[in-house]
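Here are my notes on this model. Please read them with the structure open.

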Amino acid sequence: MAKAFEVHDLRTLKDEIVQLRNRKSELLVQLRRLEKERNQCRSERDELNKVASENFVQVRELKEARDKNNRAIQELKMVRRSVLEEMKEAIQKAQSLNEEIKSLEIDEKEIRQSHQIRKRIENLDWKLQTTPTMGIAEERQITEQVNSLMNQLGEISVSEEKLKSRRELNREINNLRGFLDHSWKDFSELVEKSQKFHQDLTELYETGKHAKDEADRRHKEFIEKAEEIRQLREEFRGINKSLREKSGIFKEQSRIQKEKVQIQRDRATAEMIEEQSAIIKEKLSQKKKKTLSIEEMRIMMTQNPDFLGSEMILDEEE
């Protein structure tokens, strides 16, 4: 019963060892797969973080460029607003001058004739100064003509000044309008550039954010895989420990079992030899002795190494 129980225990232990080895093989396959997946997650995470980082760097650079561009827009807006106000004031002044010029009822033809009036005044003055024999009546007449011409020229001179002022205002208005027209092109380009900055910023930010979100997801997967690997390695170490223990027990019990079997074999062999020796001795003790066979001699030598020198061995009588 004890022998059968021990064999049964060894078989059970061997089955357990086989199961542990199978589980160990399964764990190695799982570990290789998980380590490959973990490394893949880490590689993808690092690459995605790199993409996100590069995008966010570009976002910062574009923000700085956009802000600089927006400051230029605001500055140009202020300048254009100031110029527009200045142009409005100049237009109002020009309109007032137009009203004043109209009220004088002096046309351009009269203004163009003003140099002729000046010439006549100069000639009359010269005549007064260079004619010593001129009579009082003639002198008075010439003086009245000069005064009349001077009054006429005064009105025209006022109109000329106002026309000159109007021309200067119109020139100024045209210059201001030219600046506004030219700056509007610059302003439109700056606004378009700002819109492009905004579009690029949005795309880069969304791409970077998507890459960062994917990197975070890969990192989460990496942590999960690493935790699975840790648990499997812990189980692997436990299995290795159990395998060493059970293998040691199995070897020890196998050794003990072999020793027991060997003892039983030796005991059976000794009993068999003892039985055979008794038969042989009986055979040799008979009056008519017989020659022993090789096997019988071997059996006797196991009992007595000096058996071959014994007087008990005699040739068989005829």
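1. Start with the pair around Lys-246. This residue is partly exposed, with a relative accessible area of 24%. Its salt-bridge partner is Glu-16, and the closest N and O atoms are 2.9 Å apart. The pair links distant parts of the chain: Lys-246 sits in helix H4 (residues 136-285) and Glu-16 in helix H1, 230 residues apart. Glu-16 is partly exposed too, with a relative accessible area of 29%.

2. Keep in mind that this is a predicted model. The mean pLDDT of the protein is 80. A value of 70 or more is reached by 71% of the residues. Among the elements, helix H1 (residues 2-103) has the highest mean pLDDT, 87. Helix H2 (residues 108-112) has the lowest, 57.

3. Take care with two stretches. Over residues 1-8, pLDDT stays under 50, and the model has five contacts beyond four places in sequence for them. Over residues 311-318, pLDDT also stays under 50, here with 15 such contacts. Where pLDDT is low, the predicted coordinates should not be read in detail.

4. On the overall fold: the secondary structure comes to five helices and zero strands. From the N terminus, the order is α-α-α-α-α. Of the contacts with a separation of 6 or more, 83% are between residues 24 or more positions apart.

5. The protein exposes about 23,400 Å². Carbon and sulfur atoms supply 51% of that area.

6. How many salt bridges does the structure hold? The count is 19. One group forms a network, linking Glu-44, Glu-214, Arg-217, Arg-218 and Glu-221.

7. Within helix H1, look at Arg-23 and Glu-26. They form a salt bridge, with the closest N and O atoms 3.3 Å apart. The two are three residues apart in helix H1, so about one helical turn separates them. Arg-23 counts as partly exposed at 26% relative accessibility. Glu-26 is partly exposed as well, with a relative accessible area of 44%.

8. Glu-252 counts as partly exposed at 36% relative accessibility. Arg-255 counts as partly exposed, at 36%.

Key. Residues are numbered from 1 along each chain as its sequence is written. This is a predicted model: local features need pLDDT of at least 70, side-chain atom pairs count only at pLDDT 80 or more; totals for chains, interfaces and linings use all residues. Side-chain values use heavy atoms; hydrogens and water are left out. Helices (H or I, at least four residues) and strands (E, at least two) are DSSP runs, numbered from the N terminus. Contact means heavy atoms within 4.5 Å. Accessible areas come from the Shrake-Rupley method with a 1.4 Å probe; for residues, only the protein chains shown count as cover. pLDDT is the predictor's confidence in each residue, from 0 to 100. A salt bridge is a side-chain nitrogen of Lys or Arg within 4 Å of a carboxyl oxygen of Asp or Glu. Buried means under 20% relative accessible area, exposed over 50%, partly exposed in between (1.4 Å probe, protein chains only).
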